[in-house]
Amino acid sequence: MTEILIRNAESLLTMDDQRRELAGADLLIRDGAIAAIGPDLETKGEVVLATGCVVTPGLVNTHHHLYQSLTRAVPGGQDALLFGWLQTLYPIWARFGPEEVHVSALTGLAELALSGCTLTSDHLYLYPNGARLDDTIAAAGEIGLRFHPTRGAMSIGESDGGLPPDALVEREADILADAVRVIDAFHDPAEGAMVRVGIAPCSPFSVSRDLMRDAALLARDKGVMLHTHLAENDEDIAYSIAHFGCRPGQYAEDLGWTGPDVWHAHCVKLDGQEIDLFARSQTGVAHCPCSNCRLGSGIAPIRAMRDAGLRVGLGVDGSASNDTGNLVQEARQAMLLQRVANGANAMSAREALEIATRGGADVLGRPDCGRLEVGKRADIALWDVTGIDSAGSWDPAALLLAGPSRVKHLFVEGRQVVRDGQIATLDLPRVIERQNALARALMG
Ligand SMILES: [Zn+2]
């Protein structure tokens with residue numbers, strides 16, 4: 001039996017069903033789960049002082065492309081719209097291999113961890129030169145984050161009228177076979193799982209209708225989740241109407257891509273009917289406000305989605321379209337962006353933090369995560385509010401209204417991944433050195 005006691009939190013935001021906020025509380029971790037919350041708890045194990053800290057559930061990231069941390073701020077793509085941006089980056093991504101995928105994943109995961117993330121999904125949709133989903137799963141195991149990788153795919157290359165170069169697309173039979181392989185090898189449906197695999201064709205404009213349908217059938221057969229990009233911007237809607245004769249929501253519904261086991265990234269351009277469809281079918285949404293700003297895609301109707309009862313989580317999206325991967329800042333951006341669209345009372349800091357924690361966990365089908373409650377997994381972030389970022393603050397909402405934007409301590413399944421602001425499980429300077437060497441080689 002392993003115990004860690006987190007003692008005397010300045011404020012503990014539980015995100016439980018009553019959204020309780022406790023002052024001066026302790027939290028006891030036992031064998032990877034939360035064993036007790038309350039005053040004056042005792043342990044024979046390690047004690048971590050939370051004096052001066054706001055304690056929250058670990059943040060949950062529902063959309064990312066970890067590999068893109070190797071293509072941040074690429075000059076030709078800095079100011080392009082989505083399709084032009086993709087066409088700038090595809091030839092660079094075509095030079096990736098297993099090492100690029102592994103090291104970029106380590107970098108992206110470390111960046112997430114330092115910003116309070118304990119559970120992340122990833123959407124890897126290209127597999128050049130022998131790269132495999134396994135390379136990212138290994139990285140998550142090394143750093144110790146809870147990981148929901150998705151087996152992404154593109155199958156319509158330039159020669160078939162698609163956007164990506166032919167070198168980056170795969171045969172659809174191979175895609176499905178590899179999805180079966182990684183699910184059988186890595187997917188763990190049990191409560192407390194550290195790895196769950198999903199299936200994720202890149203987007204309706206980079207795979208066929210048949211692959212979308214077959215992916216949904218396979219996911220249901222295997223009991224795994226489905227993920228893709230949907231309704232990201234105006235070009236995306238125009239493409240859907242021109243090529244499929246309907247809007248993205250209808251296309252998704254026709255092919256089996258709605259339901260509690262499905263979540264779509266972006267959904268910036270969902271209309272009222274599509275919001276109703278997703279709410280009715282309990283389809284989830286990964287909201288990526290920084291990416292939407294960066295690519296000028298628009299403001300997703302998150303207020304309307306939440307009011308309709310739609311499940312919404314947050315995503316930093318790929319490091320190339322953000323270009324950072326700081327999840328707590330993403331929550332701040334979500335709060336600010338809804339206020340741009342709907343006024344200063346459109347989203348509170350507490351609601352944005354809820355979306356970033358239990359909201360994301362629910363989107364990923366993880367009611368065992370995203371809240372601090374007895375029996376839930378011990379995925380916990382400690383934020384030091386004694387520093388300059390929050391000096392003079394009166395309320396834990398300052399975490400999003402002011403700062404800090406990095407954690408002091410982070411626990412995943414009860415294991416300490418960040419200690420005193422540093423990654424405890426990796427030699428991070430060595431990872432950064434390898435990442436920069438790979439970026440230089442790709443640039444040349
Ligand atoms: Zn994306």
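Predicted model: local features only at pLDDT ≥ 70, side-chain atom pairs only at ≥ 80, totals over all residues.
User: Start with helix packing. At what angle do H2 and H14 pack, and how far apart are their axes?

Analyst: Helix H2, residues 98-114, and helix H14, residues 428-443, pack at about 130°, and their axes are 9 Å apart. Angles over 145 degrees would count as roughly antiparallel, and 65 to 115 as roughly perpendicular. H2 and H14 are therefore oblique to each other. The handedness of their crossing is left-handed.

User: Which residues make the contact between H2 and H14?

Analyst: On the H2 side they are Glu-99, Glu-100, His-102, Val-103, Ser-104, Leu-106, Thr-107, Ala-110 and Leu-114. H14 brings Leu-428, Val-431, Arg-434, Gln-435, Leu-438 and Leu-442. Sorted by class, the contact of H2 with H14 holds eight nonpolar, four polar and three charged residues.

User: How do H11 and H12 cross, and what is the hand of that crossing?

Analyst: Helix H11 covers residues 327-342 and helix H12 covers residues 349-363; their axes come within 9 Å and cross at roughly 130°. That angle makes H11 oblique to H12. The crossing of H11 and H12 is right-handed.

User: Which residues of H11 and H12 meet?

Analyst: Ala-331, Met-335 and Arg-339 of H11 meet Ala-349, Ala-352 and Ala-356 of H12. By class, this contact of H11 with H12 has five nonpolar residues, no polar ones and one charged.

User: Take H3 and H4 next. Why do they count as roughly parallel?

Analyst: The angle decides it, and under 35 degrees counts as roughly parallel. Helix H3 (residues 133-143) packs against helix H4 (residues 172-186) at about 25°, with the axes 11 Å apart. That makes H3 roughly parallel to H4. The crossing of H3 and H4 is right-handed.

User: What does the contact between H3 and H4 consist of?

Analyst: Leu-133, Asp-134 and Ile-137 in H3 meet Arg-181, Val-182 and Phe-186 in H4. The contact of H3 with H4 has four nonpolar and two charged residues, and no polar ones.

User: Which element gives the most to the lining of the largest pocket?

Analyst: H14 does, with five residues. H14 is also the helix that packs with H2.

User: How many cavities of 30 Å³ or more does the search find, and what is the volume of the largest cavity?

Analyst: The search of the whole structure finds four cavities of 30 Å³ or more. The largest cavity has a volume of about 160 Å³.

User: Which residues lie nearest the centre of the largest cavity?

Analyst: Leu-82, Trp-85, Leu-86, Tyr-125 and His-229 do, out of 19 lining residues. Helix H1, residues 82-93, gives the most to this lining, with four residues. The classes in the lining of the largest cavity are nine nonpolar, eight polar and two charged.

User: Last, the backbone. What should I expect before looking for exceptions?

Analyst: Most peptide bonds are trans, and most residues other than glycine have a negative phi.

User: Which residues does the cis peptide bond with omega near -10° join?

Analyst: That bond runs from Asn-322 to Asp-323. Asp-323 sits in the loop between strand E15 (311-314) and H11. Another cis bond runs from Gly-403 to Pro-404, with omega near 5°. Pro-404 belongs to the loop between helix H13 (398-401) and strand E17 (409-412).

User: What is the phi of Cys-267, and where is this residue found?

Analyst: Cys-267 has a positive phi of about 55°, although it is not a glycine. Cys-267 lies in the loop between strand E13 (262-266) and helix H8 (272-281).

Notes: Residues numbered from 1 in each chain as written. Heavy atoms only, no water. Axes fitted to C-alpha atoms, helices over the stretch in contact; angles between N-to-C directions. Helix = DSSP H or I, 4+ residues; strand = E, 2+ residues; numbered from the N terminus. Left-handed = near helix turned anticlockwise from the far one by under 90°. Contact = heavy atoms within 4.5 Å. Nonpolar A, V, L, I, M, F, W, Y, C, P; charged D, E, K, R; others polar. 1 Å grid on protein atoms, 1.4 Å probe; cavity = no way out; pocket = protein on both sides within 12 Å on 5 of 7 lines; lining within 4 Å. Points joined across faces, edges and corners; volume = space filled by probe spheres on them.
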